[in-house]
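Hi,

Here is the structure I promised to pass on.

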Amino acid sequence: MMLLLAVLFFAATLGLRLFLAVAPSLRLIDHPNARSLHAVPTAVGGGAVPMALISLVIVLLSQLPYAGLLGFMMMSLVVIGLLDDWRGIPSSIRLLCYSGASVALVGSLPSAQLVGAVGFFALSLAIAWCINLVNFMDGIDGLVVVQALCVAVGLGIIGAVRLNAADTEPLVLLCSALVACLAPLLWFNWPPAKLFMGDAGAVPLGFFIALLGLLALTLDTVMGWVWLVLMMPFLIDTSVTLCLRIAAGHPPHVAHRDHAYQRLALRTGGPLPVTLGLLALQTVWQFPLAVTVSTETLFPSLVVLLSTIPALLLVVYTR
């Protein structure tokens, strides 16, 4: 396992350096606009490198049902994201692709036939939302990478402690691989970023985080609660912001910078305090609550409710 992680870390680091070198010639540059929170043109699409490596891990090592299909869907989302970063793709086409990937993921579950039509639709919708919300939150330097690393580390550690070693092996493998592949990206994406993740990284990352959640849930219902607690800061910001924008009459698919994290970045003068704040929140609040819900010492619904408080307060504060 350690050798594999070292290889992934080295491959991701080398791949990101090469991507950063060739991005200008490929015209993968994000120029500042009215919605941007960066001031200088920056290479975009670097998330394709770690996500491509994760796709290989899924296909070659995960031993998941339909691993080939899942890896293919991941790589398809990487390619779609790269095209969107390069030239732009209409939102309707992107939404169709995300929905197709969501349906494919739910269909790959061993228990897919047991959830019924309503459950199948609900799970597909939830995965499509997870794909979109990670993409929505990829608006300032380092934020999404920090969140993904916290989810992977927390879910992997708690899963390894709670579950039988044989049962938890796929979950721990994928969480560990995500950490090894994303850690180098954090160096390039840390404020001030030299390289943006782009849709090529954020979209397949949302798909992969949803996969981790479904895998955790199928291994143990309590692990599903753990995933939910760790994801709560992103779930609250995106869901509340979307509801408020719809209530105000704004189209839900139009890009904006109304999210709490964007408003906080504008108030604090940059992304660094917000990204560090998320890391602190995950360390002192979300992870301890995730451990609490895994021990089943409190009702899961109560722990989940407690996990929403900081994010809700921040949304209210920014408005």
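Let's start with the cysteines: the sulfur of C175 sits 12 Å from the closest cysteine sulfur, in C150, which is too far for a bond. A disulfide here is a pair of cysteine sulfur atoms within 2.5 Å, and the structure holds zero of them. C243 is in no disulfide either, with the nearest cysteine sulfur, that of C130, 17 Å away. C175 is buried at a relative accessible area of 1%, whereas C243 counts as exposed at 53%. For those words, buried means under 20% relative accessible area, exposed over 50%, and partly exposed in between (1.4 Å probe, protein chains only).

Before you go on, keep in mind that this is a predicted model, where local features need pLDDT of at least 70, side-chain atom pairs count only at pLDDT 80 or more, and totals for chains, interfaces and linings use all residues. Residues are numbered from 1 along each chain as its sequence is written, and side-chain values use heavy atoms, with hydrogens and water left out.

Next, a helix pair. The axes of α5 (residues 116–137) and α9 (residues 221–247) come within 10 Å and cross at roughly 75 degrees. That makes α5 roughly perpendicular to α9 (angles under 35 degrees count as roughly parallel, over 145 as roughly antiparallel, 65 to 115 as roughly perpendicular and the rest as oblique). The axes are lines fitted to C-alpha atoms, for helices over the stretch in contact, and angles run from 0 to 180 degrees between N-to-C directions. Helices (H or I, at least four residues) and strands (E, at least two) are DSSP runs, numbered from the N terminus. Residues in the contact (heavy atoms within 4.5 Å) include W129 and F136 of α5 and W227 and F234 of α9.

Then there is α10 (residues 260–268), where A260, Y261, Q262, L264 and A265 are buried. Their cover includes α5, α6 (143–162), α9, α11 (272–295) and α12 (300–318). Just after α10, G269 takes a positive phi of about 90 degrees.

Most residues other than glycine have a negative phi, and most peptide bonds are trans. Q63 is not a glycine, yet has a positive phi of about 60 degrees; look for Q63 in the loop between α2 (48–61) and α3 (67–86), exposed at 73% relative accessibility. E296, also not a glycine, has a positive phi of about 60 degrees and lies in the loop between α11 and α12. The peptide bond from P191 to P192 is cis, with omega near -10 degrees, and P192 is in the loop between α7 (165–189) and β3 (195–196).

Cheers
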